[in-house]
Amino acid sequence: MADTAALPQEPDAPPRAVARALRLIALHPSVRAVDSTHSAETGLTTATVRIDANLPTRWRVRGWADNGVRAEEPVTFVFSGTYPLREPYVHLREDFDRSHPHLQPRGQAHPPEPCLLLGSVRELLRSRGIVGLVEQLADWIERAALVRLNDPSRGWEVTRRDEIDDLAILDTVWVRALAGRDAGCDGYIVVYAAVSAADRPESYRLIVSTHRHGLTDRDCRWRSEANSETERCGNALALIAWSGRAPSGGPFVAGEYLPESVVDVASLHARATVLGCGEQLRAKLGLLQSRLRDKSSDVPHPVLVILLARRPYDVAGANSPIEICPYLIEVRGKDDLGPASGKPVRLVAPLEQVSSDLMRLASGEEAGTGPVRWTLLGCGSVGSKIATHMARSGRGPSVLIDRAGMRPHNYARHALFPTSRAEQLQSADKAPLLGKSLVEFNEAIGTVTTDIVARLADPATAADAFRSDAAFVVNATGSLAVREALCLRHMMATRPRVVETCLLGAGRIAYMAVEGPAANPSLGDIAAEAYRSLSADIATSTIVFGPDAAARQIAIGQGCSSLTFPMSDAHLSAMTAPMATVLGKLHAGGLPTAGGELLIGLGAEDGLGQNWTRAEIEPWTVVQEASACEPGIRVSPRVDAEIAREVAARPGNETGGIILGRYSDVTDSFHVVDTLPAPPDSRFSPEEFVLGVEGLPERLQDLVERSGGSLYPLGTWHNHLVTSGPSHKDMATALRLAVEQAFPLLMLIHTPGGYRFLVVEATAGPSGSTPSRDAA
């Protein structure tokens, strides 16, 4: 084993992973400068990144666009000590115009924060790295300068609204259908619950029914009663207004993106006028004011006002150009609801109620207790189906872990059904809801709703993340971040074995990995084996890694929610049922003792069949365990055998080739899963092996493309005829190669006495300092 040689760490220098990220950011073609500071006290690294907005020439000369976007826009990246497992916090300058679409609704107390993609920034970081994040940010800034953040191909971005406490549950298809050819405003009955808390004003949860509210004296006798000291409920009124025809005769279209400006009744009237329904709303509010003139109440009653804005094209996430904009007025009687009233108005978040239309949309259509305890990590669609199948066979989970809350569209493919409309008002978490539904099948089910990634990342909280009597954990999150957090060094030695389940390629392929004893093979090892296997077959490679694969679709964010890829409940059940069957047998008979297993299921295109393969995964060769100072190096049995055969085929000479696989910057580990033989122009001799280049770039490009970038060259391997560590020539070669890749380079050396290795990482920034040997 070669000696370790590492550069000394300056006290005020950022962690190695952050320094690497800053170097990659600085190398991006859209970045003009990077200035960073690190605080040893807080552990935070703050970097100001100046990004070229790529302005047209007429604007570049003066330095800014007409809407204020600068030619070089400063963006702040804040890295915590948990990077790269946790994404950096990215925000714009304080005076950046907040009227742009695709800004996160954080409120004036926070700096403007761009909404970069439809989905998780953390998962973007895991799948495309810091370079992918910078590319999304550069694209966002360029689009902002050209007023192109609202893209017809991606849908009209809904109006950004900050600091909302009130929710309206709607049948959005029915509400949007109210916007007919002529302008109008109608009243409907609302059932509401008002919840009070000591640290904030009373908040409302409202359900809008399809029953008309006539605004007569009788209709305005609203009911309100207390359910408890902190909650009251009752019925009230919703006014829904929409525009009609423009002077030209066509439909009135509100085609200008405007930030939310409604704070009182006067500004509500003004917004209705801009949206083309001001006259209609004014008439109905005037009628309501007259009905309430002689009434008074000790408690406020909510009046929900919904303005339907017709946009130039479909709203993001909806098959309709109608944007739903709800507001709330609290009335007590004798209220001024006229166009000059300063009576406060609150913003309301619209949520879809469970409906057949929502279920069809989310499905991709047009409009027993056993003797072994186990833990389910992830209570989403796959996890809930597996848990339900297992529970109904008497082998249900003992603990459920998931921090996410249930949303109406989740019920399209989830194992649960809402028990009542009132359940939609509770905003309950998935784990307790699933546990409640399974409690009849299990004697007791524990639930955890904390962020499991954060919990696993901290050694202080990771030790008790799972029950000590759990035989295994099923990871059904489908999250790369969760997988890598489970493989952290301090987790591998303490946690139970893990079985990982998920769907790939828009649901066509089912993936199930059974970890080996002592996490060998580990989740990362088996994932690398799966990527190699899937990329080797043209059919599965196209499904999983092709340009249309859902996992590779990254778009500028549209609002704050996603329906994921369309898939019917029947298809989901068909793909998860075999995994539950295998899991049931493992629960009954125990996990394999000689290694791990990889199961891949391919669903037929017409849904009328499946083809499953099952492979035993032998333990990998652990050349070195990952530690705080040294990277982990794990070699698959296939690679070990291929290297041994190649060495035996050239007795008396050194030989070598390219090693392929994955490098995890979270666990600082190499997973070597395949090799490429030496090109024909390579040189073999007793003194040295010289790797040729003939045809090598084309072969490497083909491999990376077929695997969708999931596999890539990690470095090289060669052999020594005697047991020895890296030579000076090896070090010089590794240093030269390391500057050509964004992660550490691995040089694996086969010797009669076992593997030796050299790990080199380029620590040079744009200024051009030399690379260094990180570990040997």
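Start by selecting Ala179, which sits in the loop between α4 (172–177) and β6 (184–197). Helices here are DSSP runs of H or I with at least four residues, strands are DSSP runs of E with at least two, and both are numbered from the N terminus. This is a predicted model, where local features need pLDDT of at least 70, side-chain atom pairs count only at pLDDT 80 or more, and totals for chains, interfaces and linings use all residues. Residues are numbered from 1 along each chain as its sequence is written, and side-chain values use heavy atoms, with hydrogens and water left out.

**Stop 1: two long-range pairs**

Stay on Ala179. Is Ala179 buried or exposed? Its relative accessibility is 15%, so Ala179 counts as buried. Buried means under 20% relative accessible area, exposed means over 50%, and partly exposed lies in between (1.4 Å probe, protein chains only). Ala179 and Arg310 are 131 residues apart in sequence, yet 8.5 Å apart in space, C-alpha to C-alpha.

Next, pick Arg614 in strand β20 (residues 610–617). Arg614 is exposed, because its relative accessible area is 53%.

**Stop 2: helix α16**

Select residues 569–589. This is helix α16, with 21 residues. From first C-alpha to last, α16 reaches 30 Å, close to the 30 Å expected at 1.5 Å a residue. The expected span is 1.5 Å times one less than the number of residues.

Where does α16 bend? Look at Thr576: the bend there is about 25 degrees. A bend is the angle between axes fitted to the seven residues ending at a residue and the seven starting there. A proline, Pro578, follows within four residues.

Now colour the buried residues of α16. Among them are His571, Leu572, Met575, Thr576 and Met579. Further along, the buried residues include Val582, Leu583, Leu586 and His587. Step past the end of the helix. Gly590 follows α16, and its phi is positive, near 95 degrees.

**Stop 3: salt bridges**

Show the charged side chains. A salt bridge here is a side-chain nitrogen of Lys or Arg within 4 Å of a carboxyl oxygen of Asp or Glu. How many salt bridges does this rule give? The count comes to 37.

Zoom in on Asp52 and Arg60. They form a salt bridge, and their closest N and O atoms are 3.0 Å apart. Asp52 counts as buried, because its relative accessibility is 12%. Arg60 is partly exposed, with a relative accessible area of 36%.

Move to Asp335 and Lys343. In this salt bridge the closest N and O atoms are 3.1 Å apart. Asp335 has 11% relative accessibility, so Asp335 counts as buried.

Then go to Asp469 and Arg467. Their side chains meet in a salt bridge of 2.9 Å, N to O. Asp469 is partly exposed at 36% relative accessible area. Arg467 is partly exposed too, at 37%. For a group, select Arg70, Glu73, Arg93 and Asp95: salt bridges that share partners join these residues into one network.

**Stop 4: backbone details**

Select Tyr83 and Pro84. A cis peptide bond joins them, with omega about 10 degrees. Pro84 lies in the loop between β3 (72–79) and β4 (89–92). Now select Asn520 and Pro521. Here too the peptide bond is cis, and omega is about 0 degrees. Pro521 is in the loop between β18 (509–514) and α14 (523–536).

Turn to Asn54, in the loop between β2 (45–52) and α2 (57–60). Its phi is near 55 degrees, a positive value in a residue other than glycine. Asn54 counts as partly exposed, because its relative accessibility is 43%.

Which loop holds Lys334? Find it between β11 (322–331) and β12 (346–352). Lys334 is not glycine either, and its phi is positive, near 60 degrees. Lys334 counts as exposed at 64% relative accessibility.

**Stop 5: a cavity**

Finish inside. Select Thr82, Leu85, Arg86, Val453, Ala454 and Ala457, which line the second largest cavity. A cavity is a set of points, on a 1 Å grid over the protein atoms alone, where a 1.4 Å probe fits but cannot get out; lining residues have an atom within 4 Å of a point. The volume of this second largest cavity is about 40 Å³. A volume is the space filled by probe spheres set on the points, which are joined across faces, edges and corners.

Conventions: On a 1 Å grid over the protein atoms alone, a cavity is a set of points where a 1.4 Å probe fits but cannot get out, and a pocket is an open set with protein on both sides within 12 Å along at least five of seven lines; lining residues have an atom within 4 Å of a point.
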